[in-house]
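Colleague: I'd like to learn how to read aromatic rings in a model. Could you walk me through it?

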Amino acid sequence: MEKLCSGCLKHGCTNRNNMFQKKQCIKKLHVVDWLSNIKPPFLLDNCDLVEVQFKNDRKEFFHNTEKINLCKGDFVTVESKSSGYDIGIVTLTGELVRLQIRNKNSTSGYSNIRKIYRKSTEKEIYIWNVSKKKELKCLLKAKKIAKSLNLSMKICDVEYQGDGEKATFYYTAKDRIDFRKLIKELALAFRIRIEMRQIGYRQEAAKIGGIGSCGRELCCSTWLKNFKSVTTNSARYQQLSINIEKLTGQCSKLKCCLNYELDAYLSAIKDFPDINCKIHTEKGIAQCMKIDVFKKQMWFSYIKNPNTWFRIEIKKIKDILENNIKNKISPPLEKLSTIDVIQKTELTFK
């Protein structure tokens, strides 16, 4: 009986090992095809679109024009953008593929989708595996060539085409790069067709992978598909200190997880008064120092004594602000705060 590899057991896939088809565990988590065993109603034809995954997180959609019986995990030989063919692994079939295309906001239309030739043969898979083994050596050598040409770019990944006739070099750069000389040098060194493709720093982190500060694998390299813009306002709304070293990820950009709970904070903050508001008390004017979003409380201190903070519920703050508008002065913070007081002390070193 064939056994599952340890990587397959980790990711929960059902790929089998044999002499010619050592199926790799797909790093990027994919959609569960829960409609695979359900026949479409009203005798409609099954969707002939198939989602195929290549190295790392690169996924594309193809037409199954030959009506090949495909299942998740099958190796397929597909049409490439240029001459030759490419090899990938089927990750999704059936009606869910259309939903995936809609989720990715694909505007290219169905006419530009390429087709699947056949299930990959043992010879094609062997050539593909041999080509993959060259990728690391090519990456190291390409970095040396780029450094010798004094190009301000970082080559982060190399991907061979399934037939081994073409290699795509992914790189990151701040400015526009003239890499015509680099392409000539790479073509002479590797004797294949070269394609240079620039990617962003977030895409680079997704390709390389790693462990985040939370102790888990990076979201971009496991399940995150679309990158949304993240600003420092996301941290301010969640009452986080603006410490760039802690807020940035391995891509040197703000962490994507800052947006995960942002909607919950924004909906909770709607009930709060303006954080810049000031209240007039019998002991003087007080200003807001901090808010507790989930306990619905605000910390206030006198402007003349900012080291002592008083925690007050937002209902009382709203009443005080209404009374201040009517020129009514509220009692001192000591009487308003029935919970606790924090004394902020400054340490001085001699």
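This is a predicted model: local features need pLDDT of at least 70, side-chain atom pairs count only at pLDDT 80 or more; totals for chains, interfaces and linings use all residues.

Colleague: How many aromatic pairs does the structure hold?

Modeller: There are seven aromatic pairs. One of them joins Trp 223 and Tyr 260.

Colleague: Why is the pair of Trp 223 and Tyr 260 called tilted?

Modeller: Look at the angle between the ring planes: under 30 degrees is stacked, over 60 is edge-to-face, and the rest are tilted. Here the planes stand at 45°, with the centres 5.9 Å apart, so the pair is tilted. Trp 223 sits in the loop between helix 7 and helix 8, and Tyr 260 in the loop between helix 9 and helix 10, so the pair links distant parts of the chain, 37 residues apart. Trp 223 is partly exposed at 41% relative accessible area, and Tyr 260 is partly exposed at 39%.

Colleague: And which geometry do Tyr 265 and Phe 294 show?

Modeller: Their planes are at 70° and their centres 5.1 Å apart, so this pair is edge-to-face. Tyr 265 belongs to helix 10, while Phe 294 lies in the loop between strand 10 and strand 11, so parts 29 residues apart in sequence are tied together. Tyr 265 counts as buried, at 12% relative accessibility.

Colleague: Which ring does the charged end of Lys 207 sit over?

Modeller: That of Tyr 170, 3.9 Å from the ring centre. Lys 132 lies over the face of Trp 128, at 4.0 Å from the ring centre.

How values were computed: Residues are numbered from 1 along each chain as its sequence is written. Side-chain values use heavy atoms; hydrogens and water are left out. Rings of Phe, Tyr and Trp (its six-membered ring) pair if their centres lie within 6.5 Å; planes under 30 degrees apart count as stacked, over 60 as edge-to-face and the rest as tilted. Helices (H or I, at least four residues) and strands (E, at least two) are DSSP runs, numbered from the N terminus. Buried means under 20% relative accessible area, exposed over 50%, partly exposed in between (1.4 Å probe, protein chains only). A charge sits over a ring if NZ of Lys or CZ of Arg is within 6 Å of the ring centre and within 35 degrees of the ring normal.
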